[in-house]
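Take a look at the chain below. This short report walks through some of its features.

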Amino acid sequence: MLATLIPVLGPILDKVLGSVLPDQGKRQEVIMTVFSLLGASDIAQTEVNKAEASSGNWFAAGWRPMIGWSCAVALAFQYVLSPLLMWVAELTGHPLPAPPKLDDVLWELMFGMLGMAGLRSIEKVKGLVK
């Protein structure tokens with residue numbers, strides 16, 4: 001992901017650092033240091049993710065799937081089950097009180113998780129992983 005951000009962040013960092021570091025060479029050195037630190041952070045997080053996923057402990061390995069399933073169930077309830085139940089109840093003459101509305105932050109969680117899954121799919125299509 002860092003490779004996609006470099007063309008965008010590089011010029012921004014160059015402009016921001018321009019007032020502090022007038023020397024172009026020093027600015028480029030600082031920018032490259034920032035990107036190398038970000039890359040190291042991404043690599044470290046990937047290693048943590050691998051260790052968690054391969055753990056034999058269900059508590060350590062299962063929290064990500066649990067978050068995904070919780071999000072899927074909550075979204076299905078909010079946008080499929082609840083409206084259908086309310087509609088059927090109204091049609092049969094037994095209106096129900098409106099159920100509580102779930103937080104819209106679920107969409108952000110879902111998009112984040114699907115975005116990561118999308119990147120993983122691209123890696124698989126390119127043959128970068130088994």
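## The model

This is a predicted model. Every value here is computed from it.

## A nonpolar patch on the surface

Which residues form the nonpolar patch on the surface? They are Phe77, Tyr79, Val80, Leu81, Leu84, Leu85, Trp87, Val88, Leu91, Leu96, Trp107 and Phe111. Together they have about 1200 Å² of accessible area. Two elements each give two or more residues to this patch: helix H4 (63-91) and helix H5 (105-125). H4 gives the most, with 9 residues.

Phe77 belongs to the patch and is found in helix H4. Is Phe77 buried, exposed or partly exposed? Its relative accessible area is 31%. Buried means under 20% and exposed means over 50%, with partly exposed in between. Phe77 is therefore partly exposed.

## Helix H2: length check

Helix H2 covers residues 24-54, which is 31 residues.

Which residues of H2 are buried? They are Arg27, Ile31, Phe35 and Gly39.

Ala53 is also found in helix H2. Its relative accessible area is 59%, so Ala53 counts as exposed. Ala53 and Arg64 are 11 residues apart in sequence. In space, their C-alpha atoms are 8.7 Å apart.

Terms used: Residues are numbered from 1 along each chain as its sequence is written. This is a predicted model: local features need pLDDT of at least 70, side-chain atom pairs count only at pLDDT 80 or more; totals for chains, interfaces and linings use all residues. Side-chain values use heavy atoms; hydrogens and water are left out. Patches are made of residues with over 30% relative accessible area and no salt bridge: like charges are joined within 9 Å, nonpolar side chains (Val, Leu, Ile, Met, Phe, Trp, Tyr) within 5 Å. Accessible areas come from the Shrake-Rupley method with a 1.4 Å probe; for residues, only the protein chains shown count as cover. A salt bridge is a side-chain nitrogen of Lys or Arg within 4 Å of a carboxyl oxygen of Asp or Glu. Helices (H or I, at least four residues) and strands (E, at least two) are DSSP runs, numbered from the N terminus. Buried means under 20% relative accessible area, exposed over 50%, partly exposed in between (1.4 Å probe, protein chains only). The expected span of a helix is 1.5 Å times one less than its number of residues.
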